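Here is a short note to read alongside the model. Please keep the sequence open while going through the points.

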Amino acid sequence: INDDVLLVRLLKSCPCIPDAAFAQQLAKICISKSNAVETEILELVTKKLGAVQSYRYGNVSGDPLTLALGFFKSITTRVSAPFFNTVRANIVLGALTDTNTANAMNSANAEVLAKMSFESGSNVFQCFCNAAKANITRLSTILKCLIELGDSAVKHPLVIELANIRAKQLHLNTMNGLPVFTWRQLNANFTGSQSTEVNSFLRGEKQSATFHHFNGIGHARNWASKYFGRSNHGYSANAIVGGRGRSSYVTVTKTITMHEKVTETYSSNKQELSMLENTFKDSLEVSIVNNVTQGRNRRKQASDNGPPSKKPREVIVID
């Protein structure tokens with residue numbers, strides 16, 4: 001369309017960016033059209049960001065924030081600096097509206113918004129950091145993204161504030177040392193039949209238990225395959241089916257998979273905490289070194305940590 005007036009009217013009629021191809025065409029239009037057209041494109045790109053959830057437009061589905069970011073990427077270095085900066089700031093602020101901040105901050109786009117907000121200036125970055133403090137799910141990756149921007153970010157008071165929030169969280173998660181092995185899976189949440197008995201077993205010290213009260217071998221097999229053999233819902237255990245008819249039973253045996261996951265998480269947290277200390281140094285308010293706790297845990301872990309290798313299994317029969 002060569003008529004800018006007609007193009008403006010067309011853009012006004014669009015409720016949103018329907019797909020990535022449309023976003024690409026908008027980017028091309030920006031390069032050669034008037035300020036009036038740019039203004040309408042900016043409005044179209046950012047006005048729907050208040051609804052960051054996925055939506056449907058005709059036969060096309062998409063995420064408004066992702067499409068807006070695609071548009072922004074397409075115009076990089078190809079439009080005027082003022083328009084580029086305005087689009088960047090408006091995308092960030094549009095994604096951080098009160099009703100949908102959590103959606104944006106808990107998505108994979110949070111790291112992109114972190115970089116864009118920092119480059120947009122103090123007011124926009126303040127808004128982003130407020131959102132990050134209220135939604136800390138992706139704070140780890142957000143900090144890594146900001147650290148990659150160099151000393152200007154590392155020394156920024158708002159980044160230091162975020163680093164301290166994360167460091168305190170990591171410190172609390174690791175201050176007691178490497179988790180000591182136990183068969184207790186305290187976060188187990190078994191939701192199948194006989195849940196009271198099964199949850200009591202999973203959260204207790206016993207390694208194995210046998211469960212009855214099945215309608216037949218098919219019921220027992222279905223129960224075993226549906227709820228065991230993989231680690232989820234806070235527990236890890238395998239199940240073996242036996243018997244026949246109403247005498248069918250399932251023997252459940254805990255595995256060390258859950259403990260391995262806990263140990264892996266602990267190690268990852270320690271590494272991240274060390275990275276933050278090395279990066280922010282004296283700017284961190286917490287110390288990651290606790291000699292008394294670490295010494296006590298090292299002594300305890302030397303004798304207690306790790307699954308038993310020769311201890312015979314104890315079996316509970318529940319009729």
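1. Contact here means heavy atoms within 4.5 Å. With that cut-off, Glu272 touches Ser140, Arg166 and Leu170, not counting residues up to four places away in sequence. Glu272 is found in helix 14. Helices (H or I, at least four residues) and strands (E, at least two) are DSSP runs, numbered from the N terminus. Glu272 is buried, with a relative accessible area of 9%. Buried means under 20% relative accessible area, exposed over 50%, and partly exposed in between (1.4 Å probe, protein chains only).

2. A word on the basis of this note. This is a predicted model: local features need pLDDT of at least 70, side-chain atom pairs count only at pLDDT 80 or more, and totals for chains, interfaces and linings use all residues. Residues are numbered from 1 along each chain as its sequence is written, and side-chain values use heavy atoms, with hydrogens and water left out.

3. Next, helix 9. Helix 9 (residues 139–147) is mostly covered. Seven of its nine residues are buried. They are Leu139, Ser140, Ile142, Leu143, Cys145, Leu146 and Ile147. What covers them? The cover includes helix 6 (101–105), helix 7, helix 8 (122–134), helix 10 (151–154), helix 11 and helix 14. Ser140, buried in helix 9, is also one of the residues that Glu272 touches.

4. Look at helix 5 (residues 81–95) and helix 7 (residues 110–120). They pack at an angle of about 125 degrees, with their axes 9 Å apart. Axes are lines fitted to C-alpha atoms, for helices over the stretch in contact, and angles run from 0 to 180 degrees between N-to-C directions. Helix 5 is therefore oblique to helix 7. Angles under 35 degrees count as roughly parallel, over 145 as roughly antiparallel, 65 to 115 as roughly perpendicular and the rest as oblique. Arg88, Ala89, Ile91, Val92 and Ala95 in helix 5 meet Leu113, Met116, Ser117, Glu119 and Ser120 in helix 7.

5. Now the rings. A search of the whole structure finds 13 aromatic pairs. Rings of Phe, Tyr and Trp (its six-membered ring) pair if their centres lie within 6.5 Å; planes under 30 degrees apart count as stacked, over 60 as edge-to-face and the rest as tilted. Phe211 and Trp223 form a tilted pair, 5.9 Å centre to centre, with 55 degrees between the planes. This pair links distant parts of the chain: Phe211 is in strand 3 (residues 208–211) and Trp223 in helix 13 (residues 217–227), 12 residues apart. Phe211 is buried at 0% relative accessible area, and Trp223 is buried at 2%.

6. Phe228 and Tyr235 form a tilted pair, 5.8 Å centre to centre, with 55 degrees between the planes. Phe228 is buried at 4% relative accessibility, and Tyr235 is buried at 1%. Ring pairs link Phe190, Phe201, Phe211, Phe214, Trp223, Tyr227, Phe228 and Tyr235 into a cluster.

7. Two loop residues deserve a look. Most residues other than glycine have a negative phi. Phi of Gln194 is near 60 degrees, a positive value. Gln194 lies in the loop between helix 11 (157–174) and helix 12 (195–202). Phi of Lys281 is near 50 degrees, also a positive value. Lys281 lies in the loop between helix 14 (257–280) and helix 15 (291–304). Which residue is buried and which exposed? Gln194 is buried, with a relative accessible area of 16%, whereas Lys281 is exposed, at 54%.
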